[in-house]
Structure formats: C-alpha cells, structure tokens
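I opened this entry to keep a record of what I looked up, chain by chain and then at the contact between the chains.

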Amino acid sequence: MDVDAIRASLPAFASGALTTIELTLAALAFGMAAALPLAVLRGWPSRWVAGPVWAFTYVIRGTPLLVQLYLVYYGLGQFEAVRDSFAWPWLRSAWFCTIAAFTINTCAYTVEILHGAMRAVPGGEIEAARAMGMTRWVMLRRVVLPAALRRMLPAYGNEVIFMLQATSLASTVTLLDLTGAAGEMNSRFYLPFEAFLTAAAIYLAITTTLVGLFHAAERRWLMPWQARTS
Amino acid sequence: MLQGYGASLLTGAGLSIAVAFVSLAIAALLGVAGALAKLSRSRVLRGAAQAYTTVIRGVPDLVMMFLIFYGGQLLLNRLADRLHWDDATIDPFLAGTLTIGFIFGAYMTEIFRGAFLAVPSGQREAALAYGMTPLQALRRIVGPQMLRHALAPLSNTWLVMVKSTAIVSLIGLSDLMARAKNAGSSTQQPFLFYAAAGAMYLVFTSVSELLFAWLRRRYAVGVRQVRL
C-alpha cells in the first residue's frame with residue numbers, strides 16, 4: 001500500500017465524494033417529486049391513465065441505466081431539432097444529462113414501490129374515509145399517502161442505496177465523482193488497489209450511514225405505527 | 001436493418017447473454033457456499049460470509065470491476081516478471097464475469113439462506129428419519145421446496161444482473177453496449193443504436209420474466225393461494 005499516494009489524492013477523493021452525494025440527492029429528490037403524482041396515476045381506475053405510467057416504469061426497469069444515460073448524453077445530440085433548441089446548452093452538459101437520466105431511472109422504481117405501498121392500504125380504511133365524505137384528494141393526503149410513505153420505507157431504503165451505487169456510472173460521462181477520482185488516481189500513479197479500495201471504503205462508509213439513517217427512520221415512523229395498527 | 005449493423009448488435013447481444021449466464025453460474029456457486037457458511041455452526045465461517053454480504057452491498061459494481069480488472073492485471077504483471085513470462089494480459093471476459101458473479105453471489109447467499117430457513121425443519125427431519133442421506137433429503141425434499149421460496153427473489157436478482165452486464169463494455173468487451181457505441185459513432189446516429197440496444201435488453205428481460213412467471217406457477221402447484 002502506497003499511503004503517500006492515497007494521502008496526495010485525498011482532496012480529489014473528497015470532492016469526488018461530494019459529487020457522488022450531490023448526484024444521489026438530486027436524483028432522489030427530483031425522482032421522488034415526479035414519482036408522487038405518477039404513483040397516484042399508476043393506480044388510477046382508468047386504463048388509459050394507468051397504462052402509460054405502467055409502460056414507462058416497465059421500459060425503464062427493463063433496460064440498463066447505462067443505456068439510459070448514454071441515450072440522454074450521447075443520443076439526443078443526434079437530432080438537429082434538439083441541437084437548435086433552447087435546451088441544448090443544458091442537454092450538452094454532462095451534469096444535466098446525468099441527473100436527468102438518474103432521475104428518470106429512480107422515478108420509475110419509486111413509482112412502483114409507492115404504488116405497491118398504496119395498494120397495501122387496507123380497503124376498510126379507504127371505505128371509512130369515503131364514508132366520512134372525504135374527496136379523493138383529501139383521502140389521498142390524509143389517509144393513503146401517510147400510510148404508504150411509512151410502509152415503503154424499507155423498500156425505498158434499498159432503492160436509495162441502489163441509486164448511490166449507480167451514480168458511479170457518472171464517471172463514464174466525464175464527471176469526476178468518487179469512481180472518477182479513483183480512475184484518475186489509477187491512471188496517474190498506476191496504483192489500482194490503492195485507488196479503487198479507497199473509493200470502495202468511502203462508498204461503504206456512505207452506504208453504512210444511509211442504512212443507519214433508514215433504520216432510524218423506520219424506528220421513528222414505521223414501527224410505532226405498525227404496533228398501533230396491527 | 002439498422003444500416004447493416006443489425007448483425008453486429010445481435011453478436012454483441014449474444015456476448016452479453018453469455019456474460020450473464022457465466023456470471024449466474026459463478027453467483028450460484030458462491031451463493032450456495034455463502035449460504036452454507038451462514039447456516040454453519042462455525043463462527044469464523046459465519047463471520048466471513050456476513051462480511052462478504054455486507055461489503056458487497058456497499059460497493060458499486062463498477063468500482064469492484066475496475067478493482068478486479070486493473071488490480072488483477074497488476075498482480076499478473078508482477079507474477080509474469082518473477083516467472084520470466086512474456087506479456088500476460090487479464091481476460092476482460094473473465095474479469096467481467098468474475099466481478100458480476102462475485103457481486104451477485106452475495107445476493108444469492110441471502111436468497112438461498114432465506115429459502116432454506118423457509119422450509120420447515122420437520123421436512124428435513126422426516127426425510128432423514130426415513131433413512132435418506134442428507135444429500136438425498138436436500139435433492140428430493142428440501143430442494144424443491146426451497147426453489148419455490150427462492151424463485152421470486154431469484155427472478156428479481158437475475159433481471160438486475162442482466163442489466164448490470166452492460167458495464168463490461170467499459171473494460172473492453174465487445175458486448176451489446178460496445179457495439180451500439182461503435183455503430184452510433186460511425187453512423188452519427190447514437191440515439192438510434194442506443195435505443196436499439198435498449199430494446200434488445202428489454203426483450204431479454206421480458207422473456208426472462210415470462211419464463212420465471214411460468215416456473216413460479218409450476219413450483220407453486222399444490223400450494224393454496226390465499227387472497228386477501
């Protein structure tokens with residue numbers, strides 16, 4: 001182990017870790033914001049509303065994230081209409097494309113998790129809400145979503161960890177995230193073990209922190225509620 | 001079709017599928033070994049298996065693959081120096097399948113362990129009481145019942161694994177992704193070829209899902225379905 005080389009690269013690893021965390025948080029936040037309304041539509045009684053949402057999540061969940069990332073970053077520039085449009089300055093930037101692709105990806109998985117959690121709400125609760133005269137919107141806000149958001153915590157925790165790991169693909173479109181920093185160090189010093197083991201240790205530390213946070217969240221919001229309702 | 005690159009993409013898809021199946025074999029072997037270790041009485045084995053599944057969950061597949069590919073090359077170079085070989089290069093197919101197999105072996109460990117625990121222990125005890133050897137009891141009694149419990153998570157893991165084979169293009173394998181990239185840059189139509197590659201992955205994952213649904217129905221024969 002060449003500790004000096006690791007020490008020399010620590011600033012690069014720190015800024016890489018920051019990039020990784022920023023990418024993860026941005027994708028998760030935008031993905032969740034889009035998933036909330038889409039999950040409601042996914043369970044809509046009309047097939048014409050639920051069908052397209054189902055098709056979207058099916059296609060995204062059935063293809064690799066790398067394909068989605070390349071489609072957005074390398075693919076869109078193929079069309080002249082895109083290159084001439086006002087959005088081109090954004091669509092040319094690796095940052096924007098990466099966050100867009102990651103957001104679309106995590107959104108699809110979150111829609112399915114949330115939809116499953118909403119379906120698990122007992123029918124009696126919904127009937128009771130209707131009997132109280134709640135409109136669909138009020139019922140969603142007061143009864144269905146609070147229960148579903150708690151119930152989805154374990155599955156969503158897995159998705160968050162999956163997303164954190166998936167951000168390593170950002171290094172393939174020139175972003176210097178944690179994996180990118182390790183790749184840079186490896187090509188500069190040719191020390192693959194030092195470079196990638198350091199990155200792995202930092203990923204592991206972030207993952208462990210996230211797992212701890214989700215366990216705490218489950219203890220705070222899910223377990224007391226389960227004890228009360230069951 | 002696809003401006004003459006259709007055949008090339010299909011060849012790449014074949015390689016991707018080969019990577020997926022070889023990785024699956026490695027993962028299944030590691031999964032059985034890991035599950036046996038986790039269920040064993042030895043504290044050392046249990047600890048090692050626990051460390052394996054914990055560490056794998058926390059490290060991205062890409063980092064693991066670079067570690068095995070570049071690190072393995074470095075070790076191989078040193079070995080070649082010492083033994084006075086000529087050039088020795090690490091095979092990207094080997095590095096890729098080892099990485100993916102190693103990662104998904106951790107998930108398989110949990111699946112097999114859970115499936116084993118899900119079969120009531122009386123089943124195994126009864127089989128042994130009939131005079132079956134432990135291996136016979138596993139093959140005839142416990143195994144088929146384990147499979148029923150394992151199928152749902154196995155199908156999930158298989159789908160994730162198929163999709164994660166896309167990263168082997170990054171260590172120089174000419175899989176579906178690499179060929180789509182080539183075709184896209186030589187025809188200036190990257191969107192078309194990445195979309196085609198995506199469609200091929202989608203066909204493969206859809207067929208896999210149908211097969212698993214059929215298997216699940218088959219292995220659930222004789223089990224009462226209770227609907228809420």
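I call a residue buried if 20 or more other C-beta atoms lie within 10 Å of its own, exposed if 12 or fewer, and partly exposed in between, with the C-beta atoms placed from the backbone. By that count, buried residues make up 38% of the 228 residues in chain B, and 40% of the 230 residues in chain A.

I note that this is a predicted model, in which local features need pLDDT of at least 70 and side-chain atom pairs count only at pLDDT 80 or more, while totals for chains, interfaces and linings use all residues. Residues are numbered from 1 along each chain as its sequence is written, and chains are lettered from A and ligands numbered from 1 in the order in which they are written.

**Chain B, overall.** I looked up the secondary structure, taking helices (H or I, at least four residues) and strands (E, at least two) as DSSP runs numbered from the N terminus. Chain B has eight helices and zero strands, and its C-alpha atoms fill a box of roughly 65 × 55 × 30 Å along the principal axes. Two residues are in contact if their C-beta atoms, placed from the backbone, lie within 7 Å; of the contacts in chain B between residues at least 6 apart in sequence, 76% join residues at least 24 apart.

Helix α2 (residues 43-58) of chain B has 16 residues and spans 23 Å from its first C-alpha to its last, close to the 22 Å expected at 1.5 Å a residue, where the expected span is 1.5 Å times one less than the number of residues. Its buried residues are Ala49(B), Ile56(B) and Gly58(B). I then turned to Arg113(B), which lies in helix α4 (residues 92-118) of chain B. Is Arg113(B) buried or exposed? Arg113(B) is buried, because 20 other C-beta atoms lie within 10 Å. Leaving out residues up to four places away in sequence, Arg113(B) touches Ala35(B), Lys38(B) and Leu39(B), and its C-alpha atom is separated by 8.4 Å from that of Val32(B), 81 residues apart along the chain.

**Chain A.** Here I found eleven helices and zero strands, with the C-alpha atoms filling a box of roughly 70 × 50 × 25 Å along the principal axes. α10(A) has twelve residues and reaches 17 Å from its first C-alpha to its last, close to the 16 Å expected at 1.5 Å a residue. Among its buried residues are Leu178(A), Gly183(A) and Asn186(A), and just after α10(A), Tyr190(A) takes a positive phi of about 50°.

**Packing of α6(A) on α8(A).** Helix α6 (residues 94-119) of chain A and helix α8 (residues 136-151) of chain A pack at an angle of about 120°, with their axes 8 Å apart. That makes α6(A) oblique to α8(A), since angles under 35 degrees count as roughly parallel, over 145 as roughly antiparallel, 65 to 115 as roughly perpendicular and the rest as oblique. Leu114(A), Ala117(A) and Met118(A) in α6(A) meet Val144(A), Ala148(A) and Arg151(A) in α8(A).

**Between the chains.** How many residues does each chain give to the contact? Chain A gives 31 residues and chain B gives 30 residues. On the side of chain A that touches chain B, the elements giving two or more residues are α2 (47-62), α3 (65-75), α10 (178-189) and α11 (192-229) of chain A, and α11(A) gives the most, with ten residues.

Definitions and conventions. Axes are lines fitted to C-alpha atoms, for helices over the stretch in contact, and angles run from 0 to 180 degrees between N-to-C directions.
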